[in-house]
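Here are some friendly notes to read alongside the structure. Keep the 3D view open and look up each residue as you go.

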Amino acid sequence: MHIGLFDSGVGGLTVLREIRQKFPSSPISYLGDTARLPYGNKAPQTLKQYTQENIAFLDQLHVDVIIIACHSASSVSLNIKHSQKGTPVINVIGPSCEEAIQSTKNKKIGVLATKATTRSQVYPEYIRQQAADIQVHSQEAPLLVPLVEEDYSNTQVAKIILEGYLRPLLDASIDTLILGCTHYPILAQEIQDCCGPNIQLIDPARSVIQSLVERQTAATNDQPKFDIYLTDQSPHFLEHAQKLLNLPDLPPIKALGPLTLKRQ
Ligand code: DGL
């Protein structure tokens, strides 16, 4: 099963990491739309267009399934179940909501996310449809992406910012917290420290794996091909990728250039 996934940039590596662990023999094609990030403060119409273009690009690579790893892109694309060529498309919202619903005991779920995702209301609406008695408390956290990008995760600054963002959720007595952005699993330890041990963190990168497991066809003899495509040669992408994937020898990154979403 050739798996294609995309994100605005570095964050989707948290999803890629889980996929590589779970499907070590599957070919994987990763698209980081680094030329157009950040996605987290873009308007819905813009994100819809980016999403369609990114899906079309992965489709050209003849992938068997496409994952919209980015929450901001997923939040405006719940209706996309297949690409134009008929390739199944999975987003990260549904699987993480399902896991959060299973996890909560007191029926109070928190969602930490970008502005785009929070303002779309996608998480509260999805959860309400599945379980009307669950309260969902959302918090937009726009400073967390730059903190991760600039490697400020394990710092006093990160701690102070996290305490500010998490305080309203803790005051609302949530017992489950969805990390509603691909960057946030990189801050998982700091977030857990701030929340304390009684709050269950939901990492959508892990939740989405179950959807893939369900779709996986019989064992494959495919070569474990692994390609990374970027729409801009972001200088720190390589460092983040080597660290996160624990792969000092990454495959050569294929630079596409902005708006030229054609196969190289
Ligand atoms: N990857 C995006 C998300 O999950 C956040 C990063 C960005 O703003 O581009 O929403």
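At what angle do H4 and H10 pack, and how far apart are their axes?

1. **H4 and H10.** The two helices pack at an angle of about 100°, and their axes are 8 Å apart. Here axes are lines fitted to C-alpha atoms, for helices over the stretch in contact, and angles run from 0 to 180 degrees between N-to-C directions. H4 and H10 are therefore roughly perpendicular to each other (angles under 35 degrees count as roughly parallel, over 145 as roughly antiparallel, 65 to 115 as roughly perpendicular and the rest as oblique). H4 brings Pro-95, Ser-96 and Glu-99 to the contact, while H10 brings Pro-204, Ser-207, Val-208 and Ser-211; contact means heavy atoms within 4.5 Å. Sorted by class, the contact of H4 with H10 has three nonpolar, three polar and one charged residues (Ala, Val, Leu, Ile, Met, Phe, Trp, Tyr, Cys and Pro count as nonpolar, Asp, Glu, Lys and Arg as charged, and the others, Gly among them, as polar).

2. **Before going on.** Please remember that this is a predicted model, in which local features need pLDDT of at least 70 and side-chain atom pairs count only at pLDDT 80 or more, while totals for chains, interfaces and linings use all residues. Residues are numbered from 1 along each chain as its sequence is written, and side-chain values use heavy atoms, with hydrogens and water left out. The helix and strand names follow DSSP runs, numbered from the N terminus (helices are H or I, at least four residues; strands are E, at least two).

3. **H4 and H6.** On the H4 side you will find Ile-93, Gly-94, Ser-96, Cys-97, Glu-98 and Ile-101, and on the H6 side Val-122, Tyr-123, Tyr-126, Ile-127 and Gln-130. This contact has seven nonpolar, three polar and one charged residues.

4. **H8 and H9.** Now find H8 (residues 156-171) and H9 (residues 188-195), whose axes come within 10 Å and cross at roughly 50°. That makes H8 oblique to H9. Again the crossing is right-handed. Leu-162, Glu-163, Leu-166 and Leu-170 of H8 meet Glu-190, Ile-191, Cys-194 and Cys-195 of H9. Six of these contact residues are nonpolar, none is polar and two are charged.

5. **The largest pocket.** Which helix gives the largest share of the lining of the largest pocket? H10 does, with six residues. The pocket has a volume of about 370 Å³ and 19 lining residues, with Ile-90, Asn-91, Gly-94, Pro-95 and Ser-211 nearest its centre. On a 1 Å grid over the protein atoms alone, a pocket is an open set of points with protein on both sides within 12 Å along at least five of seven lines, whereas a cavity is a set where a 1.4 Å probe fits but cannot get out; lining residues have an atom within 4 Å of a point. Grid points are joined across faces, edges and corners, and a volume is the space filled by probe spheres set on the points. The lining divides into seven nonpolar, six polar and six charged residues.

6. **The second largest pocket.** This one holds about 310 Å³ of space. Of its 22 lining residues, Pro-38, Tyr-39, Gly-40, Thr-114 and Val-145 lie nearest the centre. H7 (residues 144-149) gives the most to the lining, with three residues. Do look at Pro-38: the peptide bond from Leu-37 to Pro-38 is cis, with omega near 0°. Pro-38 sits in the loop between S2 (28-32) and H2 (44-60).

7. The whole structure has one cavity of 30 Å³ or more. Its lining is Val-111, Ala-113, Thr-117, Thr-118, Tyr-123, Pro-124 and Ser-138, with S5, H5 and H6 each supplying at least two residues. In the loop between H5 and H6 is Gln-121, which has a positive phi of about 65° although it is not a glycine.

How values were computed: A crossing is left-handed if the near helix is turned anticlockwise from the far one by less than a right angle, and right-handed if clockwise.
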